Amino acid sequence: MFELERLFKAVYIWLEGISNSLGIPHFWFDLFTMLLIAVIVLAVMSVGAMFLVWWERKISAHFQQRFGPMRTGWHGWLQLPIDGIKLITKEDTTPALADKLPFLIAPIVIFVASFLAFVCLPFGRGLIVRDLNIGILYILAVTTFTVISILMAGWASNNKYSLLGGFRSAAQIISYEVPLTLSVLGVVILTQSLSMVKIVSSQQHIWNWNIWKQPLGFLIYLTAAVAEVNRTPFDIPEAEQELVAGYNIEYSGMKWAMFFFAEYTNLILVCGVATTLFLGGWNGPLLPSWIWFLGKTLFLIWVVMWFRWTFPRVRVDQLMGFGWKFLLPLAFLNLILTGLFA
Amino acid sequence: MENSVQSAIFYILAAIIVCSAVLVVTLKNIFHSLLFLVLTFFSVAGIYVLLHAEFLAAVQVLIYVGAITVLLIFAIMMTAQIYSPALRQSNQQVIPGIIVVGILLVVTLTVLGNTTWRVSEKLPASQSVNLIGKSLLTTYVLPFEVVSVVLITALIGAIIIARRD
């Protein structure tokens, strides 16, 4: 019932029929469907990110006993489209002494990195762009471009605050990437595959979910993932009181919006990966698979937002100490235990 | 059609690799050199994908782009006066350099001309990860362990040097 997979398959067969009857070579048809799929993924990402910004504002407001956006639309749901129009029409400034080309490319790189990672994210049964046999490794690999982009932005802005923010961000992402990868390895050992679809199909029932076999791994993954996407309690790269805004301080208009956008798509990505690895992905009774995936992912995103609005920010030295002296040994312990008992 | 598309992609990637590699060693701004180094590494990963070595491609991006270049960026940003005009990409030893490069070019061209290139009839392995893992932990376990010991020695050495001051 209501499986989107069938809809996509029907549309594909319909398009193929039209292309065959018109005598279009298969190469151009493949190219066209690839573009179509890319546009669909882009649309899902955009709508998701816009929804999350609104949701975050509402959640933060309710945590602090306010209402948040209320004026535009029912409970302010039109706020984000209107903010989008504002950002598009804003003047796009570049600092006079900035390194022009890296300054321009940095927001594109961070956006493309998170877009590429969505290729391997299973949104539901059969709803994956391409099930690579190195799936999770691919996601870990392409998201490393985030660091390059942040350092490019920090350096090219020619501003001491943005450089400091870029530095902090890169140091943090590199440090937390290690425990993150090690916690993912635990799941890979259990599944004996890197493919995202195989990881999901190995967790058919709720008692098979990897979170029961890898409780420590799940906690390490979630902690490291919150640090990876630069959110509180690990948001020192953009600590407002110290750095004004961090690496994106000199950006305005749509370029700034792309950084902001990438931040939220990365949040969707890490929570989606956590759902796939630990919470059984699309598996669940009765409802269509994509609703299960969406529900679990949104729940995890809500948990991460809850962190943001209830925990204070850690200091730089605490952050590094926690990552290297506590989280990393714990991740190794988890890996050894998994290796011994799996 | 498939083959011509593949070779077109190969030539595009090869052109990007060669151009960006040349830019790495000629550009005045060392930060720009580094960004072109990232582009070179990424395009090499593209070649690996073309050769059906997806695991190698992912590891190439993860290690070279994610770890090594970021380390280099840190090193550059920690260095004072990176924009100073006194910094140059070339040095005084132009003539010995030309001689060495000339010899290398002649040797490479001779080897290229005299080799008969064999094309394997085998299909590329669909699960290269499993094969690489198995051979690393059975046939090549000794070199693998030696490499890890060398790496850990380098790590400990770096920490000791850094602690001294």
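How many salt bridges, each a side-chain nitrogen of Lys or Arg within 4 Å of a carboxyl oxygen of Asp or Glu, are counted between chain B and chain A? The count is zero.

This is a predicted model, in which local features need pLDDT of at least 70 and side-chain atom pairs count only at pLDDT 80 or more, whereas totals for chains, interfaces and linings use all residues. Residues are numbered from 1 along each chain as its sequence is written, chains are lettered from A and ligands numbered from 1 in the order in which they are written, and side-chain values use heavy atoms, with hydrogens and water left out.

**View 1. The interface of chain B and chain A.** Chain B places 27 residues in contact (heavy atoms within 4.5 Å) with 23 residues of chain A. The two chains bury about 2,300 Å² between them, 85% of it on carbon and sulfur atoms; buried area is the accessible area (1.4 Å probe) that two parts lose on being put together, summed over both. On the side of chain B, the residues that lose the most area to chain A are B:Leu62, B:Phe74 and B:Met77, together 25% of what that side buries.

**View 2. Helices of chain B at the interface.** One residue pair across the interface of chain B and chain A is in polar contact, with both residues at pLDDT 80 or more; such a contact is a pair of N or O atoms within 3.5 Å, of which, within protein, one must be able to donate a hydrogen and the other to accept it, and residues adjacent in sequence count only if both atoms are side-chain atoms. Helices α2 (30-50) and α3 (54-78) of chain B each supply at least two residues of the side that touches chain A, and α3(B) gives the most, with 14 residues; helices here are DSSP runs (H or I, at least four residues), numbered from the N terminus.

View 3. A:Glu177 lies in helix α7 (residues 160-191) of chain A and is buried, with a relative accessible area of 15%, where buried means under 20% (1.4 Å probe, protein chains only). Not counting residues up to four places away in sequence, A:Glu177 touches A:Leu140, A:Thr144, A:Glu228 and B:Leu62.

**View 4. The surroundings of A:Ser114.** A:Ser114, in helix α4 (residues 100-117) of chain A, is buried, with a relative accessible area of 1%. A polar atom of the A:Ser114 side chain lies 3.2 Å from the backbone oxygen of A:Phe111. Leaving aside neighbours within four places in sequence, A:Ser114 is in contact with A:Met45, A:Thr265 and A:Asn266.

Methods: Buried < 20%, exposed > 50% of the residue type's maximum accessible area, 1.4 Å probe, protein only.
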